[in-house]
Amino acid sequence: MDEAHRTAQTDPQHELAARLRLVQELSGLGVRALARDAGLSSSSLSRYLSGQTLPPWPAVVALCRLVKRDPRPLRPLWERSSNPLPAPPKSSRQGRPRPRNDLPRDVPDFTGREAELAAVLAAVDSHRVVAVDGMAGVGKTCLAMHAAHRLAAGFPDAQLYVDLHGFTEGREPLDPESALRMLLGALDVPSEKVPREGVEQLAACWRSELADRRVVVVIDNAADAEQVRPLLPGAGPSVALITSRNRLIGLDEVPPVSLDVLSPQESAELLARASGDPSGPDGRLARDPDAAAEVLRLCGHLPLALRLAAARLRHRPGWTVGILVERMAEGASEFDTAFAMSVRQLDRSQARLFRLLGLLPGGSFDAYLAASLADVPLGAARSMLEDLVDAHLVQESTAGRYRLHDLVHQHARRAGEEQDAPAERQRALGRFLDYYVHAAAAADAAMPFLAPGRAPSAGRAPASLPRFADKNAAFSWLVAEYENLVAAFETAAAVGADQHVCELPRFLRAYFARRCGTTHLNVLFERALAAAERLGDPLQLACAHSDLGFARYNAGRMAEAAASYEAAQPWLSRAGDLGSEAELALRLGYLKWDEGYVDEPLELFGLAGKLYEQAGCPSGTAGAVAAEAWAMLQLGHREEAAQRAREVLAIPHADPAAPPTLTARITLGVAIAREEPDEAAEHLHRALALAREDGHLHNEAWCLNCLGVALRRMGRYEEALGSHRQAFALLDELFEDHWKIHFLNGYAETCRLAGLPEEALRLHRQALEIAPRLGYRTEEALAHEGIASVLDATEPASAAEHRAAGRAVLEDLDA
């Protein structure tokens, strides 16, 4: 075995380089041509192929895609090459989620449809897409869901479900843009990677995400071909199953499977199975075959109607089939027959809850919402929901979550309009909105952002709210309820409930931070500000401007953030809320620091600490002190920074991953890296573990980059480079280019000291391109100084020009 081969076997970076050289051979291209087609520089590609430099993960993906090879088998090798740090835990609740499975339960009494099921599976196999059409209640969704569950094992990356509400009474069909955003969110695609507007761009993003995954998607209740066309997968292995009441003639490339009513034999079998009727001559159906045949006729051989009728028999052991026929005979159609007969068996409270469920905008819900909607105790709501499930009027899609079939939802809505007073329906709708504001506030309180948020003032708190054992439970609830939370926001906006519109986005900040959702959050806060302006309340206006400013800041929109903060200040003066004043001072301090100022941010951090202390908010005070410590570190005052950081860590914190403690650990680790390397590494590794456990990917990238800085200060350059690379790979994965400005100059300095001047120059120049555009003046000055340091030995004249440009930036700031 030659030396090169032995090196490739023992060194993962050289093994990766060997695999990439095979990719080059497959391409048949020279280095320059391959680099051009992959969007890389030829010098960088040469280093990747020789094993001198580890390529960023997007470069590996680009090279593999050029030769139509799956890059995923190279990922473990790339990760082993990147850093000796432990990999993120695969079971992390937010940062590394398990594959998504949104499929509702398969019905246990699925009956017949052998030929149709075979046709669906064959169409999926040949075309990867199939459209199941048929009349309402004929069992389209049941068939698609049954097929999807059969297919799930072969599509392990995700099993997704989206209801397009093409025929939901009282609700507009879901537009393709919203559906695509929901599906991309279900794949955990960061919102910054999702195009801001344009169905075509969103559809392209969706197809790109599916191209390298094995995903099965059920697209339910499509109104027409135009609604569903952008949702279809493109190249790749993923498949889609569509249902619609209409034949989707416009989708020529999609094979249709049309459903008719069940055959008499299948209908009889489903009625027997769903009613629990024993087989043989002793069963009620067998004892009265004429009456049983009449039940099938009255149900029109439709599965939904048959299940409703069967539920009556199952829960009425004393009934004969003849009695069932008598109760059903009053209906005007198969649906009216089945619904009317089933609803008549409900007691007064069950029937009232059923009608009120028609007010919901569709989607799944839980017992807490039902209890709030009907204003009944939680236990009573659970009991009534169980009865409605038994009556087949409500479906339990997953454990503890319920939904209504479109036809049932329509019947409930119309029954409510006919039987309930408008004032009662209006009060119930108000309770629906109250529930989601207060439940979101409870979830937000379980996953603190910095300081405890203000209690909601919109509406009345429900008697029962979900209890969250920890932030993971709160995050899981927010994921499950996200569609409903957005629907509640839209409903509040539609009915003019401006207080709810103002407050709901505020309680979603921590959720969006973990889902990298600054784009959508900006939109929500823009609308919240409009609602606050209609209300004219000083505190709501102050908070709305401040929150919108913070959303702008996190999206890299610095000038707009500054304008929003400025607009908040006069309203805060009128409102006189210390906690909100402290929050704005802290936010403004971060903004001023990033803009390149020194004295003003430190004053603002100090002011925030005092205001939080006066407001009785110790976690807010700790956050302000941690910000001060971080600023001191950047100014080179390492001893003072370490002292302030230790003060923060000495304060007990309920959540060890809260921003103050995380900031303090990182600050302390970097500050003492040279003098106390072991303690520094302990703090930084602990911060990284906490960020990963918390699922906050931005914080994880920050921890990795700061660990790189600390390792560089310890003289451990290779480890430092690996840590920086992991940080940037994560930012590339998040599509968060504007966040790179915080890390580029530090990474470049590590490259320079590690003997990689070309890479250092590239990174400093990237910082110099981003910083002025975003308004980060200090980073702009540091980029000039960094370029000068690299060029000193080879291009002294250019180095002098960059030093002068850097001084000019700093002088401009001083002025």
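This is a predicted model: local features need pLDDT of at least 70, side-chain atom pairs count only at pLDDT 80 or more; totals for chains, interfaces and linings use all residues.

Biologist: OK, how many residues of β5 are buried?

Modeller: For β5, residues 239–244, it's 6 of its 6, so by that under 20% cut-off the strand is mostly covered.

Biologist: Which ones point which way?

Modeller: Val239, Leu241 and Thr243 point one way from β5, while Ala240, Ile242 and Ser244 point the other way.

Biologist: And which strands pair with β5?

Modeller: β2 (residues 129–133) runs parallel to β5 and is joined to it by 5 bridges. β4 (residues 215–220) pairs with β5 too, in the parallel sense over 4 bridges.

Biologist: Switching to helices. At what angle do α29 and α30 pack?

Modeller: About 160°, with the axes 8 Å apart. Over 145 counts as roughly antiparallel, so that's what α29 and α30 are. Their crossing is left-handed.

Biologist: What's the class breakdown of that contact between α29 and α30?

Modeller: The residues divide into 14 nonpolar, 3 polar and 4 charged.

Biologist: How about α18 and α20, what angle there?

Modeller: α18 (residues 348–357) and α20 (residues 378–390) pack at about 80°, axes 10 Å apart, so α18 and α20 are roughly perpendicular.

Biologist: Which residues meet?

Modeller: Ser349, Gln350, Leu353, Phe354 and Leu357 in α18 meet Met384, Leu385, Asp387 and Leu388 in α20. By class, that contact has 6 nonpolar, 2 polar and 1 charged.

Methods
Residues are numbered from 1 along each chain as its sequence is written. Side-chain values use heavy atoms; hydrogens and water are left out. Axes are lines fitted to C-alpha atoms, for helices over the stretch in contact, and angles run from 0 to 180 degrees between N-to-C directions. Helices (H or I, at least four residues) and strands (E, at least two) are DSSP runs, numbered from the N terminus. Angles under 35 degrees count as roughly parallel, over 145 as roughly antiparallel, 65 to 115 as roughly perpendicular and the rest as oblique. A crossing is left-handed if the near helix is turned anticlockwise from the far one by less than a right angle, and right-handed if clockwise. Ala, Val, Leu, Ile, Met, Phe, Trp, Tyr, Cys and Pro count as nonpolar, Asp, Glu, Lys and Arg as charged, and the others, Gly among them, as polar. Contact means heavy atoms within 4.5 Å. Buried means under 20% relative accessible area, exposed over 50%, partly exposed in between (1.4 Å probe, protein chains only). Two strands pair if DSSP finds at least two bridges between them.
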